[in-house]
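Time to open the notebook again and look up a few places in this one.

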Amino acid sequence: MAILKLIHGLVIFALFSFDVSVAHPGFGFGWGSNGPNIGRTFSSSGLFPQFYQFSCPQADEIVMTVLEKAIARDPRMAASLLRLHFHDCFVQGCDASILLDDSATIRSEKNANPNKNSIKGFQVIDEIKAKLEQACPQTVSCADILALAARGSTMLSGGPSWELPLGRRDSRTASLNGANTNIPAPNSTIQNLLNMFQRKGLNQEDLVSLSGGHTIGVARCTTFKQRLYNQNGNNQPDETLERSYYYGLRSICPPRGGDNNISPLDLASPARFDNTYFKLILWGKSLLTSDQVLLNGNVGRTGQLVKAYAEDESLFFEQFAKSMVNMGNIQPLTGINGEIRKNCHVIN
C-alpha cells in the first residue's frame with residue numbers, strides 16, 4: 001500500500017512538473033515570425049509564458065492571423081499597436097486601462113494629451129478580442145491582447161520575437177491624469193525621460209532600446225514643430241538638426257497650421273523594424289527632441305547605448321526584447337485582482 005501511495009505521488013509530481021516547466025515556448029511563440037526568438041525572460045510578478053497553454057492554446061495563432069491582415073492593409077498599424085502597449089503600461093501598469101471608453105465612472109485615457117487624436121489600433125484589438133471570445137470565452141484578457149499585439153507587430157515588421165510572460169488581468173479603472181503625467185512627452189529632456197522610466201522600474205538600457213520602437217511609425221507635426229521654429233524659446237531651430245533634414249521637415253510642418261501633418265519617425269525605413277533609428281540620431285536626422293537627447297543629453301550612458309545599437313542591430317534586438325518584457329511586467333493585475341473584460345471598451 002505504501003508503495004502504491006509513493007507511485008501515485010510520483011505520478012502527480014511528474015504531471016505537475018510537466019505543467020509548469022514544459023518546453024513549449026508559450027502557445028506557438030514564433031509563429032509568423034521573421035525575427036529571432038530572443039529575450040527569454042520570466043516575470044517575477046506571477047506572469048508566465050504558458051498561461052493559456054491549456055485554456056486557450058490557439059490564442060497566439062488567432063492574434064497573429066488578425067495582425068497579418070491588418071498590417072498588410074496598413075503597415076503603419078504595427079507602430080500604432082506597439083504604441084498602444086507603451087501608453088497603457090506607463091499609466092497604471094499593463095492593465096488595458098487605455099482601452100476603456102468614457103462612462104459614468106470612467107474618464108477615458110484616450111482623451112489625454114499624449115493620446116487624443118493620435119492613438120490608433122482599437123479596431124484591430126476589438127477584432128482580436130471578438131475572435132478570442134468565440135474560441136475561448138472570457139479567458140484572454142485585453143491587457144494580454146495588447147502585449148501579444150505589440151510583440152506580433154514587432155515580429156511582422158522584421159523585428160525580434162520574445163518569450164512573453166502572460167496572465168495579466170484587466171483594470172476596472174482608468175486614469176486620465178496619469179496618462180497626462182506619466183507618458184513621456186516628445187519634447188522631454190534626457191533627465192525627464194530617465195526619471196519617468198526609473199519611476200516605472202526601468203533603467204537606461206530600457207529607455208534607449210524601447211525608444212528604438214520609433215524605428216517604425218509616424219509622428220504629427222505638433223510633436224516636432226518646436227524643434228523647427230522655437231526649440232529654446234529664442235525663435236530658432238534645434239541646432240542638432242541636420243540642415244537638409246531640417247528644410248525637409250519645414251516643408252511638411254509650416255510655422256502656422258498643419259499640426260496633423262505627419263512625418264516618419266525613421267525616414268529611411270519607416271515600416272521596417274531595424275536599427276536605422278539609432279543611425280539617424282547619430283546623423284542629426286531624428287524627428288523628436290526625445291530621440292535626439294538620447295545622444296546629446298550628456299547624462300548617464302544613453303549616448304553610448306545609441307552608438308552601440310547603431311553599430312550592432314542584433315544587440316539592439318536582444319535588448320529591445322528584454323526591455324519589452326520588463327515594461328510588460330509593470331504593475332500587472334493577477335490572481336483575483338481586476339477582471340477579464342468581455343468587451344475591452346467597458347468594464348463587465
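**Entry: the end of α3.** I started at Gly93, the glycine that follows α3, and found its phi to be positive, near 95°. The model is a predicted one, so I read this angle as computed from predicted coordinates. Then I stepped back to the helix itself, which covers residues 77-92. I checked its length: at 1.5 Å a residue, its 16 residues should span 22 Å, and the end C-alpha atoms are 24 Å apart, which agrees. Next I asked how much of α3 is buried. The count came to 14 of the 16 residues, so the rest of the structure largely encloses this helix.

Entry: I found Gln138 in the loop that runs between α4 (122-135) and α5 (142-156). Is Gln138 buried, exposed or partly exposed? Its relative accessibility is 40%, and it therefore counts as partly exposed, the class between 20% and 50%.

Asn235 sits in the loop between α9 (225-229) and α10 (243-252). Its relative accessible area is 60%, so I logged Asn235 as exposed, the cut-off being over 50%.

**Entry: α7 against α8.** I turned to the packing of helix α7 (residues 190-199) on helix α8 (residues 204-211). Their axes are 9 Å apart, and the angle is about 110°. An angle of 65 to 115 degrees counts as roughly perpendicular, and therefore I put α7 and α8 in that class. Which residues make the contact? From α7 I listed Ile190, Leu193, Leu194 and Phe197, and from α8 Gln204, Asp206, Leu207 and Leu210. I sorted the residues of this contact by type and got six nonpolar, one polar and one charged.

**Entry: Gly335.** My last stop was the segment after α14 (313-328), where Gly335 is placed. Gly335 has a relative accessible area of 57%, so I marked it as exposed.

Key
Residues are numbered from 1 along each chain as its sequence is written. This is a predicted model: local features need pLDDT of at least 70, side-chain atom pairs count only at pLDDT 80 or more; totals for chains, interfaces and linings use all residues. Side-chain values use heavy atoms; hydrogens and water are left out. Axes are lines fitted to C-alpha atoms, for helices over the stretch in contact, and angles run from 0 to 180 degrees between N-to-C directions. Helices (H or I, at least four residues) and strands (E, at least two) are DSSP runs, numbered from the N terminus. Angles under 35 degrees count as roughly parallel, over 145 as roughly antiparallel, 65 to 115 as roughly perpendicular and the rest as oblique. Contact means heavy atoms within 4.5 Å. Ala, Val, Leu, Ile, Met, Phe, Trp, Tyr, Cys and Pro count as nonpolar, Asp, Glu, Lys and Arg as charged, and the others, Gly among them, as polar. The expected span of a helix is 1.5 Å times one less than its number of residues. Buried means under 20% relative accessible area, exposed over 50%, partly exposed in between (1.4 Å probe, protein chains only).
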